[in-house]
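Let's take a friendly look at some aromatic rings and their surroundings. Have the sequence and the 3D view ready as you read.

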Amino acid sequence: MACVDLNADLGEGFGVWRLGDDDAMLSIVTSANVACGFHAGDPAGLLRVCREAVARGVRIGAQVGYRDLAGFGRRYIDETPEDLLADVVYQIGALQGLAQAAGSSVSYVKPHGALYNTIMSNRVQAAAVAEAVRMVDADLPVLGLAESVFFDEAGQRGVRTVPEVFADRAYRPDGQLVSRREPGAVLHDPAAIAERVVTMVTTGQVAAVDGTVVGVQAESVCVHGDSPGAVQIAAAVRDRLAANGIDVKAFS
């Protein structure tokens, strides 16, 4: 039976401000990209998410990003490689402590927001992030887009790469994601999104915004936890995958 992982960004609230429904998402996804306090999240909230993930058998991943709470990590920062490397090491270590306190551990790393998009093509920052992961634990896989500069840098360091696709984001003809600043970048129809995911997983293709067909690789599928209707989208995706004989489970 074909299988695929289903991941979501969680733990992105801060203090009394809550974003998304982490508990509901943890009942659907198989991997949780947990914020590390730089773009979102506070220690108490992150520990709670880690504990809930452990209780539900969901894998914990470190969602590392730029130090940008005000901008939710969605603003590019021209960091030096040394600073970025240290920032990523710090974030993984912080979440590792919380995950261990919850009875688990960090089992993969996924960059967030502007950092994610930047290292798809910026080799200097991609190398810094890949090296940070290697320094912490070379056995930690990284999630990202297939055929990216980041995956090249990770592969050169012996770090495993896990290609993912995005359920609720539009694609450009070059295989990159449409900027959130552009109309239509975020998709909202659960049924249409679910059908699109099945197509990506079974055929390795997705229609870009201009109608061209783009090749994709899907070992994991991401649903953004902060999107409106995220729970309904994630549930629809999981149900449609199951209906098409695709097992939803954490990547091995």
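L69 lies in the loop between β3 and α3; helices (H or I, at least four residues) and strands (E, at least two) are DSSP runs, numbered from the N terminus.

This is a predicted model, where local features need pLDDT of at least 70 and side-chain atom pairs count only at pLDDT 80 or more, while totals for chains, interfaces and linings use all residues. Residues are numbered from 1 along each chain as its sequence is written, and side-chain values use heavy atoms, leaving out hydrogens and water.

## Rings in pairs

How many aromatic pairs does a search of the whole structure find? The search finds five; rings of Phe, Tyr and Trp (its six-membered ring) pair if their centres lie within 6.5 Å, with planes under 30 degrees apart counted as stacked, over 60 as edge-to-face and the rest as tilted. One of them joins Y66 and Y76: the ring centres are 6.2 Å apart and the planes at 85 degrees, so this pair is edge-to-face. Y66 is buried, at 0% relative accessible area, whereas Y76 is partly exposed at 48%.

## A pair across the chain

The rings of Y108 and F251 are also edge-to-face, because their planes meet at 70 degrees, with centres 5.6 Å apart. Y108 sits in strand β4 (residues 106–111) and F251 in the segment after β10 (247–248), so the pair links distant parts of the chain, 143 residues apart. Both Y108 and F251 are buried.

Technical notes: Buried < 20%, exposed > 50% of the residue type's maximum accessible area, 1.4 Å probe, protein only.
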